[in-house]
Amino acid sequence: MEIETEDKFAFTWVIENFSLCHHSKGELLFSPVFTLNALPRMKWFIAIYPKGFRNEDYISVFVARADDVSEACSMECFIQGLDCNERLIFSCNVSLSKFHKNGSWGRSCFFKRKLLFRSLIKDILIIKCSLKPVLEANALEIMSQISYKNGLFTDVVLHTHDAVFNVHKAILWARWPKLIKELNKKTTQEINFDIPSNVLESMIKYVYTGKTDFLGYELFEKLSTAAVTYGLPNLSSIPTISKKCRTRINVVQISFEWPVENFSNMSINTILYNAFIVEMPKPCRWCLQLYIRENDKKDRIFEISIIKPNYFESKPIFVKSKISFDVTNCFENDHLFEKDKKWKCAEFLPNISKDPQDALLLKCEFKFSDCNHSSETLEISCGFAPSIKCHYFSNSLLKLYRSGQYSDVNLLVASKTLSAHKFILCARSSVFYGMFKKENANSANSGIEIADVDPDVMDEMLEYMYSGRLEKPLNERAIHLYAAGDKYNVSAFKEECSAFLKSNLSAKNVCKVVQLAHSHSDDDLYKSTLKYFSEHAKDIFSTQEWKTIAKENLYARGLENLIASKITEKSSM
């Protein structure tokens, strides 16, 4: 189950001279990177394939992540393509998509290229992307449980003028590293703050839960200022709600007329040249060539080619041409000069209009690009929000668990020692709370022996207790993970394993799952397995797993005979 949030972000990307994108099929143009306040450290961009990802007839558009954050996130996406007057050209709405590290969402056949170019005005394409994070319900439930207010195992004291807050050093290490640096300089584990107590309380709430609320703009402003002063990440700036960037493809445009005299009397193999200057970035001399040749039918063919100067010998140049003779005769084409020096941009037969003086007037329009572009931020919109919610805040706690920093308990599981933090274990599990409630922060780092749980299973459950998510896809381990979750009363973890087992029942595993449900008094899981059993009895009885059970269990054999007789009666009716 997912929970929609109110954190929306709009990114607008203006691409000028879009038709001059030199990219071949499968090559992409990146937008500037943008970030969402609700998803700290995750970086996003728009990727567009001007000549398609797989099909050159279509442009392809993707929303993508470019970060090393291990967490996946769910997102609602809405993408629009607009002209420079913000008139809609195309759009696509995705209700929900999951983004993993360096992952992307998009469509390889997004919109037809020819139709797009006809729709653009001034060769400007605007991509608008609206993003809305969607939080997994279990993670939200788990994250809200860690607290400093019960005073369990707190080891740091934060003072204001009129209040004292006892907190956990491990949480500060994970989410407020600058404060840890200050503590390490001191002989005592105490820090004084020159801010109002309600501001510090809001900062602490954010550190523990990833969210905080404001009663008004005054508190919001004080909190932002304090976050800058005391180095609290992600609260040190006013939330950004939208960003607008522009990418301009470098283009030089040249247009001129070339009158060709005595046109009809020119002989075969005649070659004419017309030189012109292009400033990119230095002035350089290009040539337009008119060549008259004969085809197999003895018709005269007129070829127009453009010749690249030696100055650009090692640099690619993208050229878009438009050669016209009159209203009805027009040739448009484009070409990427790499190692080649000459490109035929137009070809025509002699039956074209010319003036009475036997002169042909060629109207030539060229756009040159050095295949470079520049990007800039045009506008950033910020706004006051009544609350701040930092989704997927749990990665820092997972890092804390894996580092073992400031751990105060060792769980001895078979030959493996797992270091953990009592205040987190107590928050997640009533069983651990019962073990540790009589201890205090000054207790020595203790060792607890864990029996009847595989060390890898325990490690995986602890990762979930810290992060609120499963780090590996569930498989046959789900039965063992479920048992551990039930033993230590980690309800969300147990429910996630149960949901997986119910949706992945099979003839081979249903016997194990029904035994699991029975031994753990899970009526819901038990009913689901019995329902599956009754619907797939014939398949279940043919498995080796069932035959082994029936061989050793008289009641199982009786059940099989009873159901088999009822199936026989039903088929004979």
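Student: What makes the contact of Arg-87 with Asp-83 a salt bridge?
Tutor: This is a predicted model, so each value is computed from predicted atoms. The closest N and O atoms of Arg-87 and Asp-83 are 3.1 Å apart. The cut-off is 4 Å, between a side-chain nitrogen of Lys or Arg and a carboxyl oxygen of Asp or Glu. The pair therefore counts as a salt bridge.

Student: Are Arg-87 and Asp-83 buried or exposed?
Tutor: Arg-87 has a relative accessible area of 52%. Exposed means over 50%, so Arg-87 is exposed. Asp-83 has 0%. Buried means under 20%, so Asp-83 is buried.

Student: Why is Glu-182 called partly exposed?
Tutor: Its relative accessible area is 33%. That value falls between 20% and 50%, so Glu-182 is partly exposed. Glu-182 forms a salt bridge with Lys-185, with the closest N and O atoms 3.5 Å apart. Lys-185 is exposed, at 65%.

Student: How many salt bridges does the structure hold?
Tutor: It holds 21. Some are linked in a network, which joins Glu-16, Arg-246, Arg-248 and Glu-376.

Student: Which parts of the chain does the salt bridge of Asp-456 and Lys-416 link?
Tutor: The side chains meet at 3.4 Å, N to O. Asp-456 sits in helix α10 (residues 455–467), and Lys-416 sits in strand β27 (residues 416–420). They are 40 residues apart, so the pair links distant parts of the chain. Asp-456 is partly exposed at 49%. Lys-416 is partly exposed too, at 31%.

Student: Which sheet does β27 belong to?
Tutor: An open sheet of three strands, in the order β27-β26-β28, with mixed pairing. The edge strands are β27 and β28 (446–450), each pairing on one side only. Neighbouring strands are turned by 25° against each other on average, direction ignored.

Student: How do you know that β26 and β28 are paired?
Tutor: Two strands pair if there are at least two bridges between them. Strand β26 (residues 409–413) and β28 have five, in the parallel sense. They therefore count as paired.

Student: Where does α10 lie?
Tutor: α10 lies across β26, β27 and β28, and runs at about 10° to β27.

Student: What makes β17 and β22 edge strands?
Tutor: Start with the order, β17-β18-β19-β22, in an open sheet with antiparallel pairing. β17 (271–279) and β22 (342–348) each have a single partner strand, so one side of each is left without a neighbour in the sheet. Inside this sheet, β18 (residues 283–294) and β19 (residues 300–307) pair over eight bridges. Leu-288 stands opposite Ile-306 in β19.

Student: Why are the buried residues of helix α4 said to be on the same side?
Tutor: The buried residues of α4 (residues 177–184) are Leu-179, Ile-180 and Leu-183. They cover an arc of only 105° around the axis, which puts them on the same side of α4. On the other side, Lys-181 and Asn-184 are exposed. The cover over the buried residues includes β11 (156–159), α3 (169–175) and β13 (190–192).

Student: Why are α12 and α14 called roughly parallel?
Tutor: The axes of α12 (residues 491–503) and α14 (residues 523–535) cross at roughly 10°. Angles under 35 degrees count as roughly parallel, so this pair does. Their axes come within 10 Å. Ser-498, Leu-501 and Lys-502 in α12 meet Asp-524, Leu-525 and Ser-528 in α14.

Student: What is the phi of Phe-153, which is not a glycine?
Tutor: It is positive, about 60°. Most residues other than glycine have a negative phi. Phe-153 lies in the loop between α2 (137–143) and β11. At 4% relative accessible area, under the 20% cut-off, Phe-153 is buried.

Student: Where is Asn-489 found?
Tutor: In the loop between α11 (478–487) and α12. Asn-489 has a relative accessible area of 40%, so it is partly exposed.

Technical notes:
Residues are numbered from 1 along each chain as its sequence is written. This is a predicted model: local features need pLDDT of at least 70, side-chain atom pairs count only at pLDDT 80 or more; totals for chains, interfaces and linings use all residues. Side-chain values use heavy atoms; hydrogens and water are left out. Helices (H or I, at least four residues) and strands (E, at least two) are DSSP runs, numbered from the N terminus. Buried means under 20% relative accessible area, exposed over 50%, partly exposed in between (1.4 Å probe, protein chains only). Axes are lines fitted to C-alpha atoms, for helices over the stretch in contact, and angles run from 0 to 180 degrees between N-to-C directions. Contact means heavy atoms within 4.5 Å. The arc is that of the directions from the helix axis to the C-beta atoms. Angles under 35 degrees count as roughly parallel, over 145 as roughly antiparallel, 65 to 115 as roughly perpendicular and the rest as oblique.
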